[in-house]
Amino acid sequence: MEHAIYLVTLVGAALVVAAAFSSLIAFRFGAPLLLLFLCIGLATGTDGLGIQFDNARLAYFAGSLALAVILFDSGFGTPLNALRQAAGPALSLATIGVLLTTGLFGVVAYYLLDLSWLESFLLGAAVASTDAAAVFFLLRAGEINLRERVRSTLEVESGTNDPIAIFLTISLVEIIAANASPEARVLVTDLVLGFLLNMGLGAIVGIFGGLAIVRLVDRLNLDHGLLPIFVLTLSLMVFAAAGAIGGSGFLAVYIAGLIAGNSDIRAVTILKRFQDGMSWLAQIIMFLVLGLFATPSQFPAILLPAVLLGLFLIFVARPIAVWLCLMPFRLPRPEVAFVSWVGLRGAVSILLAITPLLGGLENGRLIFNTAFIVVLVSLVIQGWTVGPLARRLGLIVPARLGPLDKVELELPGSAHHELLAYRVAPGSPVARGERIPRWARPSLVLRDGRSMRFQDMGRLAPGDHVYIFVPDRYPALLDKLFASRAVVDPEDADFFGAFAVDPARSAAELEAAYAPGLTEEERKLTVGDLVTERLGGHAEYADRVLIGPIELIVRDVDDKGKITGLGLSLEPTAPVARVPVFLSAGEIADRVAGLVRNWRKRIKKQSAEAPDDAERSPQPVVERATDEG
């Protein structure tokens, strides 16, 4: 017995270490990290090194706990401004998008596999949710800076579509296991009512659970080493409590993390570091367990239809669902195309594919194997192309800041101030003599191993370490002072325009200088307000607006989303690929309005020419009549 404990511990630790080392390969070559984790699990499983693991309940239990940890960390790290910015598109994708993907995929699965209609839709529900964690790893590994609107949409979608897909999958498993064949109307009604109850209870428990976590952390004077474990345990209690009363535990734990992460919770720096490590560990465990549970020797029997289903999901189902969901929002076509392509399937899809085995369904293993192959196809095809596609579509923007060496230190007893340690970078504004604002309080400077008061140091020099007390609202402003200049690649120069334009200047001056064809109402606006209005009321860094012969480029925005810097290009060269599909509702309306205007112009032109024709047409008749006379 004792020998078995050591052996299991050794094998488990070795797998985790191997997965951790594989992340170095992924960072080096940009490989999909999830794919490497799954391959390690497959290589050590039944058809690999021979480790036998076929306990579906244990795999589902371990995967569910790991997913709860990941979702709490995802919510904790999602700022409210990102949620507000992407709430509409992301929630549309997480609800309607999941249903559309399930329906489209289920119809094709019915004709390619030997499954009933309900089993086909069950398979569609299992693969309907995305795994954005793998996407963001690829973006970090490729060192590309994705546009905030796209990143926020994918982040919020990934945190909110899992609970919906889980509810749909479990509901279909219960219906099939009960050998029920409900009418379509009854099935839809039951699913809608069950969905509202499940999500409603989950949301309520999540809100109260998040508020309770914040209050307990602030009230209890726990040791800093115990505090992260305490918060993690509370998050799992929220997950379990919501599930025990019939709610969605996954939605509850995500909302709890969202509330806790956006409050003035104590020791937030320590919590973020701990949860980041726990999220990595949870992902490794979940991926390895799911890889161990699979049996690759069973894949060849269904390989062809499963691969076809994976291709259909990538090239047809996901793009159609995304286009229909994002049509009401005025998003540029390149952004819609990127969101549709980055619908990577991952561990959640494999985890949901275990539920048919837990329900004892006859075709449970067929559904699991098919979902596993679909995930592999998605990771192989989409996982390697995320970075190149983002560059091709012009969604990569230059970094606003250069290298920045900064450490956040926990400040006991104050939730509204931070102690930041900066290293003065060569070429930074403070190194060039820029003053530190009065609301920041420098307390200590380290230079050449000596510590001195800030008042006694004089001008800061590159390499100095400066410790500053600062209100929690302003760290981003200090970052700009201590960061070196961002290195602008020659290809990135188009992002900034030929020269700067003051956003506070009148748009009438723009009309007088370049005659871009502004309306009377637009001439009364400032240039910044004009750009914001043309962008639909919200501007972000690197947005571009083409107005006649010029192009205005957003160089910077403040914390409230107001434009503070603009560039102007006289020869528009927007690095955006033309996408022939994915028209938004706004673009469709513009094209329809254009067609109507052109039609009216032709009608007016024809009506204007009609009298001339009427005057000329009788003349030949009169002449012929005269000749005959």
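This is a short tour of one chain, stop by stop.

**Whole chain**

Start with everything shown. The model is predicted. Colour by secondary structure: the chain has 23 helices and nine strands. Now colour by burial. Of the 629 residues, 47% are buried. Take the contacts between residues at least 6 apart in sequence: 75% of them join residues at least 24 apart.

**Largest cavity**

Three cavities of 30 Å³ or more are present. The largest holds about 50 Å³ of space.

- Pick Leu93, Gly97, Val98 and Thr101, which are among the lining residues.

Which helices each supply at least two residues of the lining? They are helix 4 (80-112), helix 7 (148-177) and helix 12 (303-326). Helix 4 gives the most, with four residues. Colour the lining by residue class: five residues are nonpolar, four are polar and two are charged.

**Arginine 149**

Stay on helix 7 and select arginine 149, which lies in this helix. Is arginine 149 buried or exposed? Its relative accessibility is 13%, below the 20% cut-off, so arginine 149 counts as buried. Show side chains here. The side chain of arginine 149 makes a polar contact with the side chain of glutamate 335, at 2.8 Å. Neighbours within four places in sequence aside, arginine 149 is in contact with Gln85, Leu331, Pro332, Glu335, Glu540 and Asp543.

**Tryptophan 117**

Move to helix 5 (residues 117-126) and select tryptophan 117, which is placed in that helix. Its relative accessibility is 35%. That value falls between the 20% and 50% cut-offs, which is why tryptophan 117 counts as partly exposed. What does tryptophan 117 touch, not counting residues up to four places away in sequence? The residues are Gly106, Val107, Tyr110 and Tyr111. Draw a distance from tryptophan 117 to glycine 106, C-alpha to C-alpha: the two are 7.4 Å apart in space and eleven residues apart in sequence.

Technical notes
Residues are numbered from 1 along each chain as its sequence is written. This is a predicted model: local features need pLDDT of at least 70, side-chain atom pairs count only at pLDDT 80 or more; totals for chains, interfaces and linings use all residues. Side-chain values use heavy atoms; hydrogens and water are left out. On a 1 Å grid over the protein atoms alone, a cavity is a set of points where a 1.4 Å probe fits but cannot get out, and a pocket is an open set with protein on both sides within 12 Å along at least five of seven lines; lining residues have an atom within 4 Å of a point. Grid points are joined across faces, edges and corners, and a volume is the space filled by probe spheres set on the points. Ala, Val, Leu, Ile, Met, Phe, Trp, Tyr, Cys and Pro count as nonpolar, Asp, Glu, Lys and Arg as charged, and the others, Gly among them, as polar. Buried means under 20% relative accessible area, exposed over 50%, partly exposed in between (1.4 Å probe, protein chains only). A polar contact is a pair of N or O atoms within 3.5 Å; within protein, one must be able to donate a hydrogen and the other to accept it, and residues adjacent in sequence count only if both atoms are side-chain atoms. Contact means heavy atoms within 4.5 Å.
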